[in-house]
Amino acid sequence: MPSFQTLSYPLIFLAAFACALVGLNPTFYLDDSPEFPTAAALLGIVHPPGYPLYTLLGRLTASLPFPPCFCANLTAALLGSLVCVLLFHLLRGLLRLPFALSLAFSLLWMGGATSYRGALSAKTGIYELTAVFLLTVLICCLEKRWVLASVALGLSFTNHWMSMVAYLPGLLVLALDNRPKEGGKNFQIPLCALGILLGFSPYLYLPLRATLDPAMNWGYPSDLHLFLNHISRAVDEGKDMTFQPGRWIYSLAFYGYSTINEFYGIGLLALPGFWVFFQKRREWLRGLVLTWVGFVTAVVVFSKYSGEKLYLIQDYSLSSMALVLIFSAMGAFGLISVLKRYKGAVSTVGLICLAVALGAIGWRIHTNRETNYTYTYDYALNSWKALPKGALFICSGDALEFPAWYLQWAEGKRPDLCVAGSELVMDWFRIQLAHAHPNLTVPKPFHEKGQTYWYGPLSRFLLESNRNRPSFLSYVPDPREQLQDLSMAPWGLALKATLPPEIVTYTEQEHVWNSLRLRHFGETALWTDPRTQSFLGNYGTARQWKAYYEIRLVGTATASKAKNWYRKSLIDFLWIHEQNPEDIETVMNVGANYLFLGEIDQAREWIARASGGEPTDAELFYDGGVLAYQAGSLPAAKRWFKKSLDADPSYSRAKQALGQLAP
């Protein structure tokens, strides 16, 4: 009959899986997340280093009768649940910690700021799998299962090998410190080498699949040169490592903050945990510490991220949070050892830890679940809503390019659209574009030798060579892209574009804005996620294009028509304000529009709301001065006009106004 501890493993897995399932993302998150369900559905090849094992695991779940994006997210949930089981085995089975304590710290993985989110979406499932391999190799080394450890190590290199290289020195030290004392005859070095090679075998998927030309064939790793370039991430050479010690310190501080924040400060127990390990399991301590230190060093030295990209350090570091829990559990055990002289103290502390862990998980599910996360999926479809059949859509950013791959190739939505962007620089994408649109003139599908491509000129080539297709952009081009002579006008969430000598004509698209799919838009939980908050600003940007363009049309309109355009732009600015009430510039724009419409009281009220903020637009400051003057407050009018000149010393209207108000 199975023991209670044996039964605990499937129960822990099911409990953890339930925690992930109630928060699982139904579509996909930002960044690379749409790429992985696309690869799973098509058996494609993703960005370097290719992640063949994760793609194959995703293919297994993709066979379930659910949308491919949900199935890919399910892979992450299953892997996160497996991490909990492995943590329990290490804490209870190897470290012999009390049952309640082991259960608490293993389930706490589902209460982590990064580890819980990692179990909800396809992209971060990669880092959940890294944690699975880290714990598997640790357990095998501690149990002296060398061949199994070697196979697991080899397999781990077919996932996120960069992390495993960082962990490797510490893992080798741990293996050497725990090898048999009789000289190592059971260390089975030849079998271990064979096991590592066997573990590398999923890499065969890349060249074999590339030769079959799947829709997603990133890097086209069909020959040895392309294969090695792909798995080595040669395309990113020089982009990762930084030789700036100041940046290292900054990244280290951010990693430390993230470690403390990950489990609501419980990770601070890792500090006494080092001492407990030294007292109880000294032969394990050196290897475990080096494993952790090696990884942290790699993250710090090879991270150039700052500002809004800092979250990438958290994603890459997800697997190391398993070490945080191991050392923290030992720290809690040290506390129990101090209190064990008191009757019932051991069980009481264990139950308290379990209660805290369950509370942390519950709160994490409440605040970080992604069951309503449909923003990226819907944004791509909303961007296409106004586009006519066969349109050419030049877009920029993962928020539109990667979802397009998924929606067109995995779900078959709007295959008529030619969606292209920065991926034009990649050979495989131009090949796929030519296959998908036989009547489209595509830039050369292969690079000329020694030639470096910039996607701006390639975009221009597409536009010039396919003038028969209506063209649209998702952004205002950078001057370097050689597209500054385009004539553009708002068109739904996009900009309609024409090359000279044609001039684009503006067509009102109110019906598009009134029918956009905005599921869960503006929910409170959403605004706890800065990445998504910034992303949803794209809606406001597109609406702002429309409002400013309508104001521009006033100059060529009759008085009655001008008032109509101001009324339309006012509606746009009010929409933006509703989505982001804190934006001072939008508040000023609302006030200015009321001023243009002659509704002075409303204008005065809105300008007053902005008085505590600091917009940087000289014209908006000028509008504030006009309102103050009309309200009879000359000192306030002077202050607004001076602010206008501070923002732009050459702004003639503000100079003239101040001159007229001078005593």
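Reader: Is Trp405 buried or exposed?
Author: This is a predicted model, so the value here is computed from predicted coordinates. Buried means under 20% relative accessible area. Trp405 comes in at 2%, so Trp405 counts as buried.

Reader: Which helix holds both Phe402 and Trp405?
Author: The two residues sit three apart, about one turn of the helix. Phe402 is buried too, with a relative accessible area of 6%. The helix they both lie in is α20, residues 398–410.

Reader: What kind of aromatic pair do Phe402 and Trp405 form?
Author: Their ring centres are 4.7 Å apart, with 50° between the planes. Planes under 30 degrees apart would count as stacked and over 60 as edge-to-face. At 50°, the pair is tilted.

Reader: Are Phe28 and Tyr377 buried or exposed?
Author: Take Phe28: its relative accessibility is 0%, so Phe28 is buried. For Tyr377 the figure is 9%. With the cut-off at under 20%, Tyr377 also counts as buried.

Reader: Which rings have an arginine over them?
Author: Arg281 puts its charged end over one ring, 4.5 Å from the centre; that ring belongs to Trp284. Arg282 lies over the face of another, at 4.1 Å from the ring centre, and that one is Phe278. So much for the arginines: the rings are Trp284 and Phe278.

Reader: Why is strand β4 described as largely enclosed by the rest of the structure?
Author: β4 covers residues 487–491. The reason is burial: of its five residues, the number buried is four.

Reader: Which residue in the turn between β4 and β5 has a positive phi?
Author: β4 pairs with β5 (residues 494–498) in the antiparallel sense over five bridges, with Ser487 standing opposite Thr498. The two strands form a hairpin with two residues between them. The turn residue with a positive phi, about 70°, is Gly492.

Reader: Which backbone nitrogen does the side chain of Ser474 reach?
Author: Ser474 is found in the loop between β3 (471–473) and β4, and is buried with a relative accessible area of 12%. Leaving aside residues up to four places away in sequence, its contacts include Phe393, Leu400 and Trp545. Its side chain gets to 3.2 Å from the backbone nitrogen of Ser396.

Reader: Which helices do the buried residues of α8 pack against?
Author: Helix α8 covers residues 146–156, and its buried residues include Trp146, Leu153 and Ser156. The buried residues pack against α7 (125–142), α9 (161–177) and α10 (189–199).

Reader: Which residues have the most contacts inside the largest nonpolar core?
Author: That core has 130 residues. Apart from it lies another of 74 residues, among them Phe393 and Leu597. Inside the largest core, the residues with the most contacts are Phe105, Trp109 and Leu138.

Methods: Residues are numbered from 1 along each chain as its sequence is written. This is a predicted model: local features need pLDDT of at least 70, side-chain atom pairs count only at pLDDT 80 or more; totals for chains, interfaces and linings use all residues. Side-chain values use heavy atoms; hydrogens and water are left out. A nonpolar core is a set of buried Ala, Val, Leu, Ile, Met, Phe, Trp, Tyr and Cys residues joined through side-chain atoms within 4.5 Å. Buried means under 20% relative accessible area, exposed over 50%, partly exposed in between (1.4 Å probe, protein chains only). Rings of Phe, Tyr and Trp (its six-membered ring) pair if their centres lie within 6.5 Å; planes under 30 degrees apart count as stacked, over 60 as edge-to-face and the rest as tilted. A charge sits over a ring if NZ of Lys or CZ of Arg is within 6 Å of the ring centre and within 35 degrees of the ring normal. Two strands pair if DSSP finds at least two bridges between them. A polar contact is a pair of N or O atoms within 3.5 Å; within protein, one must be able to donate a hydrogen and the other to accept it, and residues adjacent in sequence count only if both atoms are side-chain atoms. Contact means heavy atoms within 4.5 Å.
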